[in-house]
Amino acid sequence: QVQVAESGGGSVEAGGSLRLSCAVSGVGDCEYDMTWYRQAPGREREFVALITGDGDTNYADSVKGRFTISPGSAKNIEYLQMNNLKPDDTAMYFCKTVMIPDWRCADGNYWGQGTQVTVTS
């Protein structure tokens, strides 16, 4: 069973940094894309950043140049480094794993429970 767990959230002053982690278990040798989303109170969930199984990345315009998504040193962990944080970045951050199907691996989307990021001015 695939499980996704985020960590690393917290409270930081504007201009500060945080690093979020997304750990995926139960995927064996299957490949996946990983996407970060965020949702602020009263707002829809929005795309933040993506890293594919091949290492390609994509970012929302609002975070380009400030956030970096990267694979971790350990297998099946990805990081979201967030620098120069702004109060508008305050949200619950979620990690979604999108399995890449092949002859061994089934498709599927799996979400974590989220980690709260609060940026104070």
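Is Trp 111 buried, partly exposed or exposed? With a relative accessibility of 35%, Trp 111 counts as partly exposed. The model discussed here is predicted.

## Nonpolar core

The largest nonpolar core comprises 31 residues. Trp 36, Val 48, Phe 67, Leu 80, Met 82 and Tyr 93 have the most contacts inside this core. Two or more residues each come from strands S3 (18–25), S4 (32–39), S5 (46–51), S7 (67–71), S8 (77–82), S9 (91–99) and S11 (115–120).

Tyr 93 illustrates these contacts. Leaving aside residues up to four places away in sequence, Tyr 93 touches a set of residues including Glu 6, Leu 20, Trp 36, Val 48, Phe 67, Leu 80, Met 82 and Val 117.

## Aromatic pairs

Three aromatic pairs are present in the structure. The rings of Tyr 37 and Phe 47 form an edge-to-face pair, because their planes stand at 80°, with the centres 6.2 Å apart. This pair links distant parts of the chain, as Tyr 37 lies in strand S4 and Phe 47 in strand S5, 10 residues apart. Tyr 37 is buried, at 18% relative accessible area, whereas Phe 47 is partly exposed, at 27%.

Tyr 37 also pairs with Trp 111 in a tilted arrangement, 5.1 Å from centre to centre and with 50° between the planes. Trp 111 belongs to strand S10 (residues 108–111) and Tyr 37 to strand S4, so this pair ties together parts 74 residues apart in sequence. Ring pairs join Tyr 37, Phe 47, Phe 94 and Trp 111 into a cluster.

## Charges over rings

Arg 45 lies over the face of Trp 111, 4.7 Å from the ring centre. The charged end of Arg 19 sits over the ring of Tyr 79, at 3.9 Å from its centre.

Notes:
Residues are numbered from 1 along each chain as its sequence is written. This is a predicted model: local features need pLDDT of at least 70, side-chain atom pairs count only at pLDDT 80 or more; totals for chains, interfaces and linings use all residues. Side-chain values use heavy atoms; hydrogens and water are left out. A nonpolar core is a set of buried Ala, Val, Leu, Ile, Met, Phe, Trp, Tyr and Cys residues joined through side-chain atoms within 4.5 Å. Buried means under 20% relative accessible area, exposed over 50%, partly exposed in between (1.4 Å probe, protein chains only). Helices (H or I, at least four residues) and strands (E, at least two) are DSSP runs, numbered from the N terminus. Contact means heavy atoms within 4.5 Å. Rings of Phe, Tyr and Trp (its six-membered ring) pair if their centres lie within 6.5 Å; planes under 30 degrees apart count as stacked, over 60 as edge-to-face and the rest as tilted. A charge sits over a ring if NZ of Lys or CZ of Arg is within 6 Å of the ring centre and within 35 degrees of the ring normal.
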